[in-house]
Amino acid sequence: MPVTVKTFTSSHDAAAALSSDRSARYLGGGTLVMRALNEGDISISTIVRASDHAMTRIDATGSRITLGAGVTFARILAERELGFLHAPARSIGGPAVRNMGTVGGNLFAPMPYGDFTVAMLALDAVVSVQGGLGGREIPLDEFLQTRDRQTGALVLAISFARPGSADAFRYRKIARIKPKGGAVITLAAHLPINGSRIVGARVALGSMAPTPIRARAAERALEGRSLDASTINAAAAAAVEGTSPGDNALASAWYRREIVGVHLRRLLSGQE
Amino acid sequence: MAKTALQFQHNGRDVAIFVDGGTNLLVALRELIGDMTPKFGCGQGGCGTCSVLIDGEIHLSCLTLAETVAGRSVETLDGIKDGPNLHPLQRAFADNFAAQCGYCTPGMLMAAKALLDRNPQPSRAEVVEAISGNICRCTGYEPIINAVLAAASGGRARA
């Protein structure tokens with residue numbers, strides 16, 4: 001069924017068009033919205049686009065990094081300053097999907113997709129959204145909990161603090177098909193070290209709930225401790241707490257619960 | 001509903017068509033331009049047989065809104081041969097038995113071309129990565145990887 005395509009030069013105008021029409025969806029790279037149209041999703045009658053350059057900007061020069069919502073994974077891979085994000089960017093799709101898929105779209109990718117968002121969640125990212133009435137910043141954690149109600153707002157950018165050291169940020173995607181495949185589970189951790197203690201531990205999990213979630217029990221097991229064997233064991237044992245994985249063709253909920261602690265232990269102990 | 005005028009370069013030739021809102025590039029190429037080389041596989045971005053090059057970058061035409069290629073260059077498998085002569089990649093695919101049913105072949109060739117255009121001497125791992133978005137259910141991939149490496153080394157097989 002034909003849809004109306006509205007293209008705006010300003011992201012503010014695009015946001016206004018999006019918020020005033022319940023059946024409008026924003027088109028970024030196309031990997032979610034065009035797929036929905038190909039599958040005959042009749043809930044979409046308007047496609048909104050923005051050619052605003054601000055939405056494809058990368059600001060990675062300082063300690064605070066901002067990625068425009070329209071930045072593709074291929075561009076992240078081409079950016080030397082963003083080396084710590086190359087593993088999550090490379091774990092998504094094949095080269096064509098990485099040339100198309102965007103950071104902003106990934107926030108809406110349903111399980112088992114959305115691997116990059118798991119990395120963003122571990123980095124305590126903040127989402128800049130533009131609604132019909134104005135702009136606001138929402139912590140990613142909160143954004144994901146209300147994701148289904150966010151379709152009327154336009155995501156402009158996502159920002160987060162650069163990890164203090166290369167070792168502080170870790171990422172692991174478990175997939176059955178390599179190099180490309182949907183996730184069985186995805187894990188990311190940010191472990192800032194102050195002295196010899198972890199301060200501000202973040203552990204994020206993908207495919208362990210309908211949206212990426214934080215493993216708060218595992219974070220508590222890591223907080224204020226040094227990253228030794230007993231801390232790693234305690235965090236691994238707590239990994240499954242608060243999760244609600246589902247069954248799909250890649251793995252059962254039972255299997256996901258069984259392996260999440262095993263892979264968190266490997267991630268924390270630096271095993272391949 | 002009103003159609004939208006769309007102009008772009010198709011295999012080096014200027015084309016102008018009218019598209020319905022929401023038409024994807026694959027439908028525009030096959031049904032409006034008559035280029036049947038990109039195939040419809042899954043419509044979800046999972047199989048890669050609709051792959052085309054947009055301004056030299058590999059994209060999935062089934063997930064590309066046709067209007068977004070306005071003024072840009074789109075290259076399909078139909079454009080890579082030189083008159084009656086096969087492209088070296090096509091020759092290598094034939095010589096290395098890299099096609100069986102052939103349905104994935106257009107996407108495989110475009111993914112391979114995207115790789116060789118920027119990296120004329122890829123390693124085996126780089127070839128595997130380059131075709132990782134393309135699914136083949138016949139060959140087991142080995143003949144395809146060998147064909148890309150053979151084309152890269154001018155017909156000589158590489159380890």
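**Overview**

Chain A contains eleven helices and 14 strands, where helices (H or I, at least four residues) and strands (E, at least two) are DSSP runs, numbered from the N terminus. The model is predicted: local features need pLDDT of at least 70, side-chain atom pairs count only at pLDDT 80 or more, and totals for chains, interfaces and linings use all residues. Residues are numbered from 1 along each chain as its sequence is written, while chains are lettered from A and ligands numbered from 1 in the order in which they are written.

**Overall form of chain A**

- The C-alpha trace of chain A spans about 60 × 40 × 35 Å along its principal axes.
- Chain A has a radius of gyration of 19 Å, which agrees with the value near 19 Å for a compact globule of 272 residues; the radius is taken over C-alpha atoms, and the globule rule is 2.2 Å times the number of residues to the power 0.38.
- Of the 272 residues of chain A, 49% count as buried; a residue is buried if 20 or more other C-beta atoms lie within 10 Å of its own, exposed if 12 or fewer, and partly exposed in between, with C-beta atoms placed from the backbone.
- Among contacts in chain A between residues at least 6 apart in sequence, 61% join residues at least 24 apart; two residues are in contact if their C-beta atoms, placed from the backbone, lie within 7 Å.

**The parallel sheet of chain A**

- Three strands of chain A form an open sheet in the order S1-S3-S2, with parallel pairing; two strands pair if DSSP finds at least two bridges between them.
- Its edge strands are S1 and S2 (24-26) of chain A, each of which pairs on one side only.
- From one strand to the next, the twist averages 25°; axes are lines fitted to C-alpha atoms, for helices over the stretch in contact, and angles run from 0 to 180 degrees between N-to-C directions.
- S1(A) and S3(A) (residues 46-50) run parallel and are joined by five bridges, and Thr4(A) has Thr46(A) as its bridge partner in S3(A).
- Helix H1 (residues 11-19) of chain A lies across S1, S2 and S3 of chain A, at about 165° to S3(A).

**The antiparallel sheet of chain A**

- The order S9-S10-S13-S14 describes an open sheet of four strands in chain A, with antiparallel pairing.
- S9 (169-175) and S14 (213-214) of chain A are the edge strands, and each pairs on one side only.
- Two bridges join S13(A) (residues 202-206) to S14(A), and Ala204(A) stands opposite Arg214(A) in S14(A).
- Helix H7 (residues 115-122) of chain A lies across S9, S10 (183-190), S13 and S14 of chain A, and runs at about 25° to S10(A).
- Helix H11 (residues 253-269) of chain A lies across S9, S10 and S13 of chain A, and runs at about 40° to S10(A).

- Strands S6 (residues 126-130) and S7 (residues 135-139) of chain A run antiparallel, joined by five bridges; Val127(A) has Ile138(A) as its bridge partner in S7(A).
- Four residues lie between the strands of this hairpin, in which Gly134(A) takes a positive phi near 155°.
- Ala161(A) belongs to strand S8 (residues 154-161) of chain A and counts as partly exposed because it has 16 C-beta neighbours inside 10 Å.
- The C-alpha atoms of Ala161(A) and Val126(A) are separated by 9.7 Å, although the two residues are 35 residues apart along the chain.
- Leaving aside neighbours within four places in sequence, Ala161(A) is in contact with Ser63(A) and Arg64(A).

**Where chain A touches chain B**

- The contact takes 22 residues from chain A and 27 residues from chain B.
- On the chain A side, strand S1 (4-8), helix H2 (33-38) and helix H5 (95-100) each give two or more residues, and the largest share, five residues, comes from H5(A).
- The residues on that side of chain A divide into twelve nonpolar, seven polar and three charged; Ala, Val, Leu, Ile, Met, Phe, Trp, Tyr, Cys and Pro count as nonpolar, Asp, Glu, Lys and Arg as charged, and the others, Gly among them, as polar.

**Chain B**

- Chain B is divided into domain 1 (3-78) and domain 2 (88-152), with bounds from an automatic or database domain assignment.
- The C-alpha centres of domain 1 and domain 2 of chain B lie 21 Å apart, and their contact takes 14 residues from domain 1 and twelve residues from domain 2.
- On the domain 1 side, strands S3 (51-54) and S4 (57-60) of chain B each supply at least two residues, and S3(B) gives the largest share, three residues.
- In helix H1 (residues 25-33) of chain B, the buried residues are Leu25(B), Leu26(B), Ala28(B) and Leu29(B), and their cover includes strand S2 (13-19) of chain B.
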